Every structure is written in structure tokens, then in C-alpha cells.
Amino acid sequence: MTLTTHTDKSPATGAAGPAAPSPLTSLGLLTVLLGASLSSIDFFIVNIALPSIERDLRASPATLEMVVAGYAVAYAVLLVLGGRLGDTYGRRKLFLWGVAAFGLTSLACGLAPGAWWLVGARVAQGAASALMLPQVLGTIHATTRGERRARTVALYGAVSGVAGLLGQALGGALVAADLGGTGWRAVFLVNVPVAVVALLVGVRAVPDSRAERPVRGDVLGTVLFAGALTALLLPLTEGRATGWPLWSVLLLVAAPLLGWAFGAVESRAERTGGSPLLPPSLLREPAVRRSLVLGLPIFIGFSGFMFGFAIILQQGLGYGALQAGLAVIPMGLTQIPASMLVPRLVRRWGTRAMPRAALVHATGLAVLAATVLWAPWPGLNPLALAPGLLLCGAGQGVQLALYYRVALAAVPAARAGAGSGLAATVQQSCLAVGVATIGSLFLALVPDIGMRSAFVTALGVQLAGLLGLALLSLRLPRRLA
């Protein structure tokens, strides 16, 4: 599906009617990408800090998982609403409010006096990210065209993936540095000055855009959507840690029922001329459905890998926080240039660049598995892991950038907010599901077969997902508009 005629607008500029959005400048792009990186970094930055949080706040394993899950669930369930609010009230305004809220909630995390205070602050931080992130994709979609849009989306994909790696590396560095005796708190406090800078620059540098026809809110749809995602993600992230109590089973049973109710309410709203949170007609577009399905193996595999890799480095190989954080750097060294090459790869191969990238990534996982199995254990050093990680980063960089290119090409411009919110919801939901599924599988296998074999098994699951990604992507139209 090609992009439809642009129908977004900025505020009116006199009797001539609404003006088109101003082009996105380099400084504006840098600002919105900074906001996007903050939200991605904070999903992963706590991985290395969890042992310090456990000691300092005397947090139980279930509470520690809530530190991760609370952010992920709030982030995922509110993303579509964040996109809708940006469509209606202006993406620049919502982006700036999101940045300000992210800075304040980061401060609350860094000053947390107890474990459950930290959990609550993380939930609020996830909500702030959900307000901020959809405006990034929506602004890019509304203010760029042609080749510049392709390059910008590729850069967004690069930032999205590298931010996860940077989060883990930065978390290790900050915990190890123990700046001013702050320890793990620095992984949250570092966001505050960055948010202030983004806020000050964003006021002038980020152009405004919004949907041409502001729509009413969809309260019932929002509640059902949040309920369905919460009922799915919360037990998946917390069920294993708490021994699968009755509430977790009941929530899993309720999830598909709430999802059905959400679909029914949205379909009725669209039929009767209402304003559904997520228009069902958007999902009926084959290109939209295909792009969303592609995100499943990409993001589930990525988060499951990063979670398991952080554990095996610290608990299996005995790395300190700094060494464990820096061990992922080889992935970033290839992921960034690979992402930036996507426009050129698309011109040459079209969407067939996706199966090629999946096979490169799968080769990297195979090399990494062989290294873990056959190299001396636990004396395995970071240099031995680098060849596999370099290949993984190259394949992953292309996948992330191309996913967003395919997703945005499938969404009509008039629905940029809802479409970008949906694409980001798939990403964030899959990140949470990856930790809950591949991460839980890894932890469950450790007592029986050991950490090394459990990690290789988890890599095998991710590799199978990549082979599925390669096959699925062959069904995409060869050329993108």
C-alpha cells in the first residue's frame, strides 16, 4: 500500500486556512530522536542495576521483576492513546509534555526510598514514555517526504536498537562509577538533565503537526485496550516469579475475552461514525498486518536475548557491572552502520533485504552459541564473544530500520498517530513478552541443565524466530513506496 496524500496540519495561519507542517530540521530531528532514545534506554538500563537495587532496597525477586514489568506494561498499554492525543492536540505539545513528565518520573525513580516506591515511579515513567514516543514517529511521518523520510526512518531504527544496547552499557558504567555514592540511582538521575535539554531545545526546534480532523476520545476503547494488554503482560512477566498464583491464571484467561470486547467496541464505533482508539479498518489493510507480524520475532528475540545475556555475563561468567555493560558494544559497532545502509539496501533488494538480514543475524547467534559451548568456561572473555555479536548487530540493525520503514509505508498519513502508536505498541509489548517468555525459559532451565546450556537453548529459540522472520518477509511486496 502506498502512502496517501498528506492530511496533517499545523495550527491555522490566518484566513488562508491551516498551514502544512514545517519541515523537520536537523536540530528538530536530533531532539525527537533524543526523546525516543530515552524511552528505549530505560527499558534496558535497569538490567545491570538489578543486583544493586536488590541489595539496597531489600527487594524480592518478584518486586525486581515489577521494576521492569511496571515500566513495560504502562508503556505498552498507553502508546496508542499517546498517538491519538498527539493527533488531536498537536504532536509537539504532547512530545514536550512527555519529555517533562519523563524527567520528573526519572527523578522520582532515582530518589525512591523503597522498592514499591520505585515500582510506582517506574509505572509513571512508562506512562510518560507512552506520551512521548508516538509523537516521534508521527512527527517524522508528517514532516518528511521521499528519500529524506527513508533516511530518517532508518536513523530512527538505528537509534531504537542502539538505545537498548547503550542502556545496558550505560547502566553498567554508572553502577560501577558510583557517582557521588548514588550507585544504581544514577541510572535514573542521568535522565533529568537530558530531559531538560530536550525540553528547552524542543520548544523551538520541533515542528507542530496534528490530524486534520480532531476526533473525540474513546474512553471505553482505551479502558478495554489497557485491560487486555495488562491481563496478558502482567501475568507473563510476574507469574513465574510468584509461582503462578490464581490471579495470574485468571488474568491470562481474561486477556482474550477483553481483546474480543475491545475489537467489538472498536468495530461498532467505526460503523456508527465514532472515533475508535484503533480503527479496525487500519488492521484490515494487508500491508499493516504484515508489518506488525514482522515485529514479533524481531523484538521478542531482542529483549529475550538482552535479558539472558545480562544474567549469563554477571552470574555465569562473573563479570562486574562495568565489564558486563561494555560486553554488548560490538553489537552497536555494526548495528548503527547497518541501519544507515537500509535506504541503499532497499533500493537494491527492496524488502528482500529483510530475509538476508535475518540470515546474517541467525549466523551470528550460531557463532555465539558455538563460542559459549566450546570455549573455556567460566573463563570466557568479551573478545571471544565479539565475532558472534558483530554479526548479530549487523543483521539486527537492518531488521529494526526496515521494520519501521515497512510499517510507516503501510499507514495512511491521516492516521499517522494511531499507526505509529500501534507500531510502537507492538514493539514494546514484544519487548515485555520476550523477557517473560525467552527470559523465563532460560531461568527455568538453569537449575536442570546449567546456565551455559540454558542460554544456548534460548539462543536456539531466537534463531527459530529469525528463520520464521525470513520466511514471513518473503510475502512482502518487493518494492516499498
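Me: Which way do α16 and α19 run relative to each other, roughly parallel or roughly antiparallel?

Reply: They are roughly antiparallel, a term for angles over 145 degrees between N-to-C directions, on a scale from 0 to 180 degrees. In this predicted model, local features need pLDDT of at least 70 and side-chain atom pairs 80 or more, while totals for chains, interfaces and linings use all residues. Residues are numbered from 1 along each chain as its sequence is written, and side-chain values use heavy atoms, without hydrogens or water. The axes of α16 (residues 353-374) and α19 (residues 451-473) come within 9 Å and cross at roughly 170°, the axes being lines fitted to C-alpha atoms over the stretch in contact.

Me: Which residues of α16 meet α19?

Reply: Contact means heavy atoms within 4.5 Å, and the α16 side includes M354, L359, H361, L365 and V372, whereas R452, F455, L463 and S473 are among the residues they meet in α19.

Me: What span should α12 have?

Reply: The expected span is 1.5 Å times one less than the number of residues, so the 31 residues of α12 (residues 286-316) should span 45 Å, which agrees with end C-alpha atoms 44 Å apart. Of those 31 residues, 24 are buried, leaving α12 mostly covered, and α12 is followed by G318, whose phi is positive, near 70°.

Terms used: Helices (H or I, at least four residues) and strands (E, at least two) are DSSP runs, numbered from the N terminus. Buried means under 20% relative accessible area, exposed over 50%, partly exposed in between (1.4 Å probe, protein chains only). Angles under 35 degrees count as roughly parallel, over 145 as roughly antiparallel, 65 to 115 as roughly perpendicular and the rest as oblique.
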